[in-house]
Amino acid sequence: MSLTNKTFAETLQVQVKFKLHAYLGMIVYLIMVQIVGILMSLMGPTGMSSVSSFIDINAEMYTPTVLIFLSNLWAFYVGLLMTRHDQRADIMPFVSTRIMSSIGDVVVLVALAVYAGITAMLSNYVVRIVILLKSNKHMLSDENMFSAPEVFIENLVAFIFFILCFAAVGYFLGMIAQKSKKVLFIIVAVFFSMLFTSFGQEILLGTIKIAQFGLFSFMGVMIILSASCFIVATFLAGNLEVKG
Amino acid sequence: MSVIQCENIEKKFRKKKALQNITFQIEDEKITGLVGRNGTGKTTLLRILAGFTKQTSGTVTVFDKTPFNNLFVSANSILINDQMQFPGSFNLQDILNYATEFYGKWDAELAARLLQYFRLNPQSYHSDLSKGMKNTFNFIFGLATRCDVTLFDEPINGMDEAVRKDVYRALLKDYLAYPRTIIISSHFLDEMEHLLEDILLLDEGKVALHKSLDELREYAVGLLGPTEAIKRWTAGLEVLHEKQVVSNQMYTVLKAQDCTFNEQQLLQEGIAFMPVSANDLCLYLTNSRTGDIDDVFNE
Amino acid sequence: MTNFGILSILFLLLIIFIVVLFIKSMSKHMRLNQRPLKIFIAFYTTVLIIAPIIYLVLPKTEVTILTDKMQKKLSLENQMLYNALFENKTAEFDEKFLVNEWSREIKEKEIFLKMMNPEEGSQVGIIVQQSDALSNQITGKLYRKNYFVEEIHLRNFDSVNINIVDTLNEPIITWEDATTLVVKNPPNKKLSFVSVSDATDIIAFNNEDSRKNESTVVKIKEWEYAGPYYLLITVPKNIKVWSDEGLRIYK
């Protein structure tokens, strides 16, 4: 009897590759969502206004807001989907443990968040090209990755963590739902009732304030939030039995 | 050396006990048939061995390790059942390609040849296959992993007879070439008797019997003869099965160890000895009711 | 968040809902195979990577945003033009501020100036200058001063000022009859400005709460003397100038 003994890292690597392939369809969904985002950005730019005596001035602002918003929803959906029983069962014929599968999920979600963040930022440039071609409007301010790389990078990094955080929350809630629908209900109910207490609001506002202090504190908040979601979810997954 | 060891396993689903007091050991490089009626916990037991489910109490070791959440056990064991799932976007070839990366001993050539033999298109999708085709593919997958512990849960469900025969043959050939520990649960015991070395019989969540097939064949004896004579002879003995054949003829199965009577005498009274097939014996052993469905209709 | 914001989010959710339904129904009929999937993703990603480069090379009409210094300079120029108008020294500003010039022979001994829409506030400041010459020649000079939009507030941006002098429409100056000069305010001009940014207000890294609440506003600063135009009319002293709106006549 000769037994195979592969290390955790080796197997995890294969598993991440496997899962990335399995979730390629998710990327197609992301692309569709982003195309919708591009169209929506074009339809309704943020910040329109007009004043004056004999000149009507109309200033439109194009930002990646809608794209980020949609990417977040997508990430939440993917996080949720990954915890579904049939998705987790996909790895079972192969070499895995629950915890490894969960870590693999986290790695894949991080990779997807990075991809989603980068593509969302780049999609904004497609929006820009269309508005440039559409009409000869005067460029009031053109903040782009060449003229202001620091803004681009700062926001890119922030978005990636922001998207990841949504994925983590989705993953966490999904895992709770797998464990017990009641617990999920309680958590959601507690969260929303917290919002109506002054204490809960203070915590929320305080967190938002810390997050808006700067890139690093924002990243810190996102990392703590995502990490706690992932750790709890992985812990839950470790004990979760797989049907099928 | 025993590869699988179970001691006092109990598994509860809510309040219902699916398994209780399960204690057995399975030796290396043996093919064991896991037999039992519907709902006796065969699937649950296999899932515990594969590490898919955790037992409520008791200890299970596979390669001296607890299978639940164990990477080593996962890498060296596989459970094949008809609920196996693969990502929807993977075609059969994709699945096989990944298996190569996951399983150290994966035999890609064998898998490819079997796929071709069973006329499974590598470009087709697992979820599009018919039940029998799906199980054929799962079987190929299980065989090609060459895992040291290979667990088949009802692998031949939905396959037609010709395919079943080929599958048995393939299993036997590959086992002889690469001996390993195989457990097969199946309802088709008589079809695969020639494959099996040991039988593990479960009844209502307990181990009813764990013996080699040879022992099993000699475990019981069937008596066929006039009802009155048989009743007389078997009085006070444990009857495994009895059946009224015609109005005054009766068939009874006894444990061989109890049959200490004089063969000659029995023959004179018109009672014939009959061997009991393993399949029938397993049925009798797990039948809580004496008699059969006919008795329901004969009041 | 304003009501409009909530509406737009509801609208967003509706669209997402439709898209999800669409995707679901589509994935039932279509199975995305790995290879076309990869090609599609690779194609999309490539398009996105090229997008910024295309954006960079596309010609853009960029508006110069005025710095304080530039603004002061422009303001000073306006002041100098204004002074020059009353001192008959406009010649040195012709190159920069003169929009057009005309002259006309008048046979009558008087002319009337008429503003078409005085209630809106005149955008043209009329200055009548009497020359010593004895002739029938009336000359008109239309000047346009620096006129800028001030305080365009965009979210996440400081307010910006821009010089919009080149994009304004001209006032319409016509002779109604032989003696009546009609000055009409310039037609309304629509100006669209676009501002693009990689930053969003979902994640706003600033601590000044006051600025965050400000919505996008564009204000136009009306400069010292109302309107961006001056019409300098030079008439010989033998011709009388009348106007219902009142006139200041300089010698």
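UniProt positions are given in the numbering used here, feature names are shortened, and annotations may be inferred rather than shown by experiment. On that basis, the UniProt annotation "transmembrane region", from an unreviewed entry, covers residues 6–27 and 39–58 of chain C. The structure is a predicted model, in which local features need pLDDT of at least 70 and side-chain atom pairs count only at pLDDT 80 or more, while totals for chains, interfaces and linings use all residues. Residues are numbered from 1 along each chain as its sequence is written, and chains are lettered from A and ligands numbered from 1 in the order in which they are written.

Chain C contains five helices and 14 strands, where helices (H or I, at least four residues) and strands (E, at least two) are DSSP runs numbered from the N terminus. Within the annotated span 39–58 of chain C, 95% is helix and 0% strand, and the end C-alpha atoms lie 27 Å apart. Of the 251 residues of chain C, 22% count as buried; a residue is buried if 20 or more other C-beta atoms lie within 10 Å of its own, exposed if 12 or fewer, and partly exposed in between, with C-beta atoms placed from the backbone. Among contacts in chain C with a separation of 6 or more, 80% are between residues 24 or more positions apart, two residues being in contact if their C-beta atoms, placed from the backbone, lie within 7 Å. C:P187 is located in the loop between strand 9 (180–184) and strand 10 (189–196) of chain C. Because 11 other C-beta atoms lie within 10 Å, C:P187 is exposed. Between C:P187 and C:T234, 47 residues apart in sequence, the C-alpha to C-alpha distance is 25 Å.

Chain B comprises 12 helices and 13 strands, and its C-alpha trace spans about 65 × 40 × 40 Å along the principal axes. Of its 299 residues, 42% count as buried. Of the contacts in chain B between residues at least 6 apart in sequence, 68% join residues at least 24 apart. The unreviewed UniProt entry lists residues 4–229 of chain B under "domain: ABC transporter". This span of chain B is 35% helix and 30% strand, with end C-alpha atoms 46 Å apart.

In chain A, the "transmembrane region" spans listed by UniProt (unreviewed entry) include residues 20–42, 103–131 and 213–238. Residues 20–42 of chain A are 96% helix and 0% strand, their end C-alpha atoms lying 31 Å apart. For residues 213–238 of chain A, the corresponding values are 92% helix, 0% strand and 36 Å.

The axes of helix 2 (residues 24–43) and helix 5 (residues 98–134) of chain A come within 10 Å and cross at roughly 30°. Axes are lines fitted to C-alpha atoms, for helices over the stretch in contact, and angles run from 0 to 180 degrees between N-to-C directions. Residues making the contact include A:L30, A:Q34 and A:I38 of helix 2 and A:Y115, A:T119 and A:V126 of helix 5 of chain A. A:G25 also lies in helix 2 of chain A and counts as partly exposed, with 18 C-beta neighbours inside 10 Å.
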